[in-house]
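Let's take a walk through a two-chain protein model, one topic at a time. Have the picture open while you read.

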Amino acid sequence: MSGTFVGMPAFPEAAREAVRDTTLRGNLRHATHTIRAKRAKAVAEVEDWAELREAGKRIKDHTLRHLDRYLEQVEAAVTAAGGVVHWAADAEEANRIVTDLVKATGESEVVKVKSMATQEIGLNEALEAAGVRAYETDLAELIVQLGKDRPSHILVPAIHRNRGEIREIFTREMSEWGRPAPEGLTDTPAELAEAARLHLREKFLRAKVGVSGANFVVAETGTLVVVESEGNGRMCLTLPETLISVVGIEKIVPTWRDLEVFLQTLPRSSTAERMNPYTSTWTGTTDGDGPRVFHLVLLDNGRTDTLADEVGRQALRCIRCSACLNVCPVYERAGGHAYGSVYPGPIGAILSPQLRGTDSEIDASLPYASSLCGACYEVCPVAIDIPEVLVHLRERVVQGGPATRAGNRVVLRPAKGHAAERAAMRAAQWAFTRPGVLRAGQRMASRTRRFHPRTLPGPGRAWSAGRDLPRVPAEPFRDWWQRTRGGKDGAAE
Amino acid sequence: MRVALFLTCVNDTLYPDTGRAVVKLLTRLGVDVDFPAGQTCCGQAHYNTGYRHEAEPLARHFSDVFGEYDAIVTPSGSCGAMVRELYPRMGERARAEGRGDTLAATLAPVVPKTYELTEFLVDVLGVTDVGAYYPHTVTYHPTCHGLRSLGLGERPLTLLRAVKGLELVELPGAEECCGFGGTFAVKNSDVSLAMGTDKVRNAESTGAEVLCAADNSCLMHIGGTMTRLRTGMRPVHIAEILASTEEEPAA
């Protein structure tokens with residue numbers, strides 16, 4: 001399995017493989033059902049959950065509406081506190097900034113706090129190309145990195161692996177990266193965790209440069225916030241001499257009071273904890289305490305384009321909790337890799353086609369990777385109506401229309417491969433606005449029902465491959481209604 | 001009160017028994033129900049597949065056909081949700097696109113008068129015991145749009161519990177989608193089938209003879225999977241259970 005998502009096939013193809021992988025299905029089913037039940041319990045404990053959800057939504061909407069102002073406030077506050085602020089329009093620029101900053105320190109390795117933004121831009125690969133090794137220190141990210149694998153979940157990137165597989169990866173790979181796994185390592189969680197601790201400890205103590213993202217940036221003081229469970233983040237944020245944080249521009253909250261809302265909703269939604277074990281906050285630099293040099297790289301990478309879309313912009317409210325992944329029946333069966341992005345699941349299906357556009361096969365297929373069941377919207381702690389955005393993006397794929405790309409208003413052309421569907425939809429629309437035509441079609445279907453095949457040709461095969469077709473009745477309802485005057489003529493059956 | 005049956009194009013064409021059951025049930029409860037012959041399709045498949053502009057003429061047609069009635073009853077959670085949840089959204093989108101208020105104004109009257117069947121029974125007629133008899137073991141699958149868009153909640157279960165002879169057994173993982181999802185069933189058929197198979201296995205585990213739901217589109221997918229897997233269960237629309245009586249039991 002390759003370590004990047006470049007050249008991914010369309011979602012249905014990738015999902016077909018995953019659906020047949022019984023180990024993967026078992027791993028995902030077990031993990032998602034466990035966390036799903038725990039989340040429901042943790043959320044049910046909070047009496048004002050609906051109000052918190054609404055507050056989170058409003059705070060994010062307000063901040064996004066005035067993002068220009070808040071970004072400048074963040075820049076001023078971070079600078080005043082001794083940090084250096086950089087602006088990156090896209091992944092390439094962000095990678096160049098971070099690589100140059102690391103190079104300037106003279107170091108050839110960095111320790112990393114789990115971060116979606118750096119995954120999104122492919123920072124590890126960019127650093128590798130420049131001769132800098134990036135060590136992931138989150139347990140699940142470590143498993144993914146050692147296994148030369150790809151993340152398949154936002155919060156638990158190795159969710160597709162079971163204990164046995166993890167033991168095997170540790171035993172085989174740890175020696176390549178540093179301290180080898182202990183002799184006779186078993187697959188008990190405590191032993192696996194201890195092996196990771198020992199392996200990572202030497203990296204924490206040696207590293208001079210730390211790289212992180214942030215869950216939030218508080219604009220009023222220029223404070224960055226990382227919430228985590230393992231303590232690896234606290235190590236990376238405090239021990240190195242230089243700290244570089246890459247943060248998407250949508251991560252801002254105006255005040256500490258606003259932050260309070262998310263510190264309640266995020267842990268319960270993601271890990272089903274009332275409070276996460278570690279919350280680290282830092283404001284610029286402090287003499288004699290923590291890193292002496294702090295850089296903040298503010299990342300756009302498609303966010304401003306997304307913000308320009310009045311239906312799609314709600315995706316920027318996302319706080320990366322993963323509740324939508326854990327509850328999604330499609331994610332549970334297709335797995336995270338099928339989404340071809342570091343953002344899998346329902347949120348990935350609306351985020352990737354907006355951040356990256358709908359030009360590639362995988363991005364054009366993502367809006368369809370949902371049965372629109374609505375479970376994701378129900379659990380979202382910032383009330384992102386994911387089905388609404390999915391349908392909106394489907395429209396963009398099949399009909400094209402106005403969008404924003406790299407800051408410019410463009411008119412997208414309809415995607416290829418939908419011509420037959422478009423013709424069928426138009427034909428159906430024509431028939432459905434003419435009841436007589438519909439009726440003629442129904443009668444034709446009823447009269448020829450004895451000759452209907454058991455399986456369908458063409459695209460219909462996708463239906464009849466696994467399900468029997470319904471039998472067409474002898475007469476449609478409307479004929480019965482007309483014939484019996486709604487059953488009043490006695491011919492009830 | 002002038003009550004119209006909005007049967008939906010799928011039921012009209014493939015499931016006339018469900019339509020007859022709704023008529024029988026409502027007539028028994030003293031409602032004089034009409035079937036406006038001009039009705040066709042609400043446009044849900046168009047809208048959800050990304051053809052919002054193609055769905056608009058269908059929504060306007062719906063409004064023309066049903067606008068004069070006091071209540072519009074449909075035995076479909078998803079078509080009901082299309083009218084109630086998505087017609088207003090279509091109006092808003094047209095307005096945002098600079099096409100004025102015409103569409104919103106045309107669709108507005110039908111939105112609040114459209115009821116899914118169990119809502120109409122419980123909320124409008126105020127009945128929970130419809131006098132039905134159905135001597136079978138039944139498990140109930142709450143379909144997604146009924147559950148999450150319309151918020152049908154306990155209504156269908158309350159109605160089923162009052163049915164004489166009916167033994168209701170709980171469906172494990174009831175609130176999980178069956179995997180139908182309209183064009184999803186074809187565009188992502190592997191995942192759809194995996195979801196459908198899990199739903200059927202859960203239903204089988206209850207030992208029930210019948211899987212009941214309030215939407216035949218989902219039941220078409222679940223039922224088609226059931227026969228392919230050669231289970232002994234059958235899918236039945238809730239209207240057919242509620243219409244069944246000791247004098248005239250369901251087939």
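Predicted model: local features only at pLDDT ≥ 70, side-chain atom pairs only at ≥ 80, totals over all residues.

Residues are numbered from 1 along each chain as its sequence is written, while chains are lettered from A and ligands numbered from 1 in the order in which they are written.

**Chain A as a whole**

- Chain A has 493 residues, and 49% of them count as buried (buried means 20 or more other C-beta atoms within 10 Å of a residue's own, exposed means 12 or fewer, partly exposed is in between, and the C-beta atoms are placed from the backbone).
- Its secondary structure comes to 23 helices and twelve strands (these are DSSP runs numbered from the N terminus: helices are H or I with at least four residues, strands are E with at least two).
- Along the principal axes, the C-alpha atoms of chain A fill a box of roughly 95 × 55 × 45 Å.
- Among the contacts in chain A with a separation of 6 or more, 73% are between residues 24 or more positions apart (two residues are in contact if their C-beta atoms, placed from the backbone, lie within 7 Å).

**Domains and record entries**

- Chain A is split into domain 1 (11–303) and domain 2 (440–484), with bounds that come from an automatic or database domain assignment.
- The centres of those two domains of chain A, taken over C-alpha atoms, are 53 Å apart.
- UniProt, in an unreviewed entry, puts the feature "domain: LUD" at residues 71–285 of chain A (UniProt positions are given in the numbering used here, feature names are shortened, and annotations may be inferred rather than shown by experiment).
- Residues 71–285 of chain A are 47% helix and 19% strand, and the end C-alpha atoms lie 19 Å apart.
- Chain B also gets a domain 1 (3–124) and a domain 2 (137–243), and their C-alpha centres lie 22 Å apart.
- Where these two domains of chain B touch, domain 1 gives 26 residues and domain 2 gives 22 residues.
- For chain B, UniProt has the feature "domain: Cysteine-rich", from an unreviewed entry, at residues 3–83 and 138–222.
- Residues 3–83 of chain B are 58% helix and 11% strand, while residues 138–222 of chain B are 48% helix and 12% strand.

**Where the chains meet**

- The contact between the chains takes 51 residues from chain A and 53 residues from chain B.
- On the chain A side, the largest share, six residues, comes from helix H19(A), which spans 386–399.
- That side of chain A has 30 nonpolar, ten polar and eleven charged residues (Ala, Val, Leu, Ile, Met, Phe, Trp, Tyr, Cys and Pro count as nonpolar, Asp, Glu, Lys and Arg as charged, and the others, Gly among them, as polar).

**The nonpolar core**

- In soluble globular proteins, nonpolar side chains tend to be buried together.
- Here the largest nonpolar core has 220 residues (a nonpolar core is a set of buried Ala, Val, Leu, Ile, Met, Phe, Trp, Tyr and Cys residues joined through C-beta atoms within 7 Å).
- Helix H5 (residues 77–96) of chain B gives this core its largest share, eight residues.
- Those with the most contacts inside the core are Leu299(A), Cys324(A), Ile386(A), Ile241(B) and Leu242(B).
- Beyond its neighbours within four places in sequence, Leu299(A) is in contact with residues including Ala88(A), Ile121(A) and Val247(A).

**Zooming in on strand E7 of chain A**

- Why is strand E7 (residues 242–248) of chain A largely enclosed by the rest of the structure? Seven of its seven residues are buried, so the strand is largely enclosed.
- In a regular strand the side chains alternate between the two faces of the sheet.
- Thr242(A), Ile244(A), Val246(A) and Gly248(A) are buried on one side of E7(A), and Leu243(A), Ser245(A) and Val247(A) are buried on the other.
- E7(A) runs parallel to strand E4 (residues 209–212) of chain A, joined by four bridges (two strands pair if DSSP finds at least two bridges between them).
- Seven bridges join E7(A) to strand E10 (residues 293–299) of chain A, again parallel.
- Val98(A), in helix H5 (residues 91–105) of chain A, touches Ile244(A) and Val246(A), among others.
- Val98(A) is itself buried, with 28 other C-beta atoms within 10 Å.
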